[in-house]
Amino acid sequence: METIKVNTTQHVDIDYPVAGLGERIAARMIDFGVLFAVLLLFVFFIGVIAIPKWNVVFIGLYVLYGIAFVFYHLIFEIFFNGQSPGKKLMKIKVISLDGGQAGIGQYFIRWLFRLVDFWLTGQIGGLLCVTLSERKQRIGDLVAGTTVIKTIGRTTLEQIAFAPEAEEYIPVFTNVHLLNDQEAELIHEVLTTYYQTAHYELVYAMADKIKARLGVSLPAGMHELDFLNTILKDYNQVTSVAQ
């Protein structure tokens, strides 16, 4: 599986599975299909109620559809966490290059550069840029600092041990309370990415950071993957008790 390396705000490099050109094209075609289907329904509706061609209601409805057509991708990406209906069905999404959710400004820049990527260059500019760029970015992505990744289903709670523990569970690392929610979420993300990509180097790097953060060493017989899972178990238990 092809991946891209993204440096998070916590300065940990995470490999995300990158969205392929075929998936992006398919998502784009689905979105065009959605817009075309809405147009057909719109025309049918106008025909059924027999609105005169130059009636103010007729013009208003066409203007409304035109606005929806132009701002379709911008609206969906802002309000649906980087996904249009096409991206949702193809299980891909837009993220910021820091690994987090893209901001409104980034979505706006991506939308604005659709003119260059797809319309002014006859689709060629965006396709070539995705094909040739290191992080599979179209021109709008390069300018906005975003890219498109696969949203592969999360691993199960049993796999990543990120679920509430039984009341009788005794934490292994008692000073795990020194971590915060953001750090715990990052461990969760690292484990999820590992189960998706099998890149063990990331697990080693995250384990080293947590050992240094807590001032602990690996117990005999415990490897880095077990360590991170145990840390999450301990953190869940300690924080649930504190609440």
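1. A residue is called buried when its relative accessible area is under 20%, exposed when over 50% and partly exposed in between, with a 1.4 Å probe and protein chains only. By this rule, 41% of the 243 residues of the protein count as buried. This is a predicted model, in which local features need pLDDT of at least 70 and side-chain atom pairs count only at pLDDT 80 or more, while totals for chains, interfaces and linings use all residues. Residues are numbered from 1 along each chain as its sequence is written, and side-chain values use heavy atoms, with hydrogens and water left out.

2. The protein has 11 helices and four strands, taken as DSSP runs numbered from the N terminus (helices H or I, at least four residues; strands E, at least two).

3. In helix α6, which spans residues 124–132, the buried residues are Gly125, Gly126, Cys129 and Val130. They line one face of the helix, because seen down the axis of α6 they fall within an arc of 125 degrees, the arc being that of the directions from the helix axis to the C-beta atoms.

4. The structure holds eight aromatic pairs, counted for rings of Phe, Tyr and Trp (its six-membered ring) with centres within 6.5 Å, where planes under 30 degrees apart are stacked, over 60 edge-to-face and the rest tilted. The rings of Phe71 and Trp111 are stacked, since their centres are 5.0 Å apart and their planes at 20 degrees. Phe71 lies in helix α2 and Trp111 in helix α4, so the pair ties together parts 40 residues apart in sequence.

5. Phe71 counts as partly exposed at 31% relative accessibility, whereas Trp111, at 17%, counts as buried.
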